[in-house]
Amino acid sequence: MAVNTYDFAGWATKVNVVCTDGRTIAKDAFKHMDGKRVPLVWQHLHNEPGNILGHAILEHRADGVYAYCVFNDGAPAQQARQVVAHKDIEALSIYANGLVEKGKIVHKSNIREVSLVLAG
């Protein structure tokens with residue numbers, strides 16, 4: 001992805017960090033998602049089109065998954081653009097399914113969306 005083709009970027013998820021659901025993402029759990037495009041939504045509200053703020057291009061890295069995010073032209077996306085620009089919101093989170101896990105360690109899964117969230 002060219003440097004000037006996204007609105008903002010950040011860590012979508014990190015490896016070896018306990019998530020709020022008690023799971024830990026193992027190294028390379030999302031390696032197969034490298035280069036994939038997924039919706040960017042607000043607070044994991046992915047149940048209707050109006051909650052889609054744009055999209056994220058995922059990049060697999062040794063420390064986790066980095067997301068290059070692009071806002072769409074909708075009014076909610078433009079509001080989100082402002083809160084990101086003003087650093088009122090600085091956290092991302094993922095929603096994933098198809099988990100392959102052992103104990104509470106996720107070894108493989110599919111990221112379905114990246115969310116702008118109040119707390120990561």
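1. A residue is called buried when its relative accessible area is under 20%, exposed when that area is over 50%, and partly exposed in between. The model discussed here is predicted. Asn51 has a relative accessibility of 18% and therefore counts as buried, since the limit is under 20%.

2. The position of Asn51 is in the loop between β3 (37-42) and β4 (52-61). Its side chain makes a polar contact of 3.1 Å with the side chain of Asn47. When neighbours within four places in sequence are set aside, Leu40, Val41, Trp42 and Leu45 are in contact with Asn51.

3. The model contains 4 aromatic pairs. One of these joins Trp11 and Tyr66, with 5.3 Å centre to centre and 90 degrees between the planes, an edge-to-face arrangement. This pair links distant parts of the chain, as Trp11 belongs to strand β1 (residues 8-14) and Tyr66 to strand β5 (residues 64-71), 55 residues apart.

4. The two partners of that pair fall into separate accessibility classes: Trp11 is partly exposed, at a relative accessible area of 30%, whereas Tyr66 is buried, at 16% relative accessibility. Tyr66 also pairs with Tyr68; the ring centres are 5.4 Å apart and the planes lie at 65 degrees, so this pair is edge-to-face. Tyr68 is likewise buried, with a relative accessibility of 13%.

5. Which residues form one aromatic cluster? The members are Tyr6, Trp11, Tyr66 and Tyr68.

6. How many disulfides does the count come to? The count is 0. The sulfur of Cys19 has its closest cysteine sulfur in Cys69, and because the separation is 17 Å, the two are too far apart for a bond. A disulfide would require the sulfur atoms to lie within 2.5 Å. Cys69 is accordingly in no disulfide, its nearest cysteine sulfur being that of Cys19.

7. Cys19 is partly exposed, with a relative accessible area of 29%. Cys69 is buried, with a relative accessible area of 0%.

Methods
Residues numbered from 1 in each chain as written. Predicted model: local features only at pLDDT ≥ 70, side-chain atom pairs only at ≥ 80, totals over all residues. Heavy atoms only, no water. Phe/Tyr/Trp six-rings, centres within 6.5 Å; stacked < 30°, edge-to-face > 60°. Helix = DSSP H or I, 4+ residues; strand = E, 2+ residues; numbered from the N terminus. Buried < 20%, exposed > 50% of the residue type's maximum accessible area, 1.4 Å probe, protein only. Polar contact = N/O pair within 3.5 Å; in protein donor to acceptor, adjacent residues only side chain to side chain. Contact = heavy atoms within 4.5 Å.
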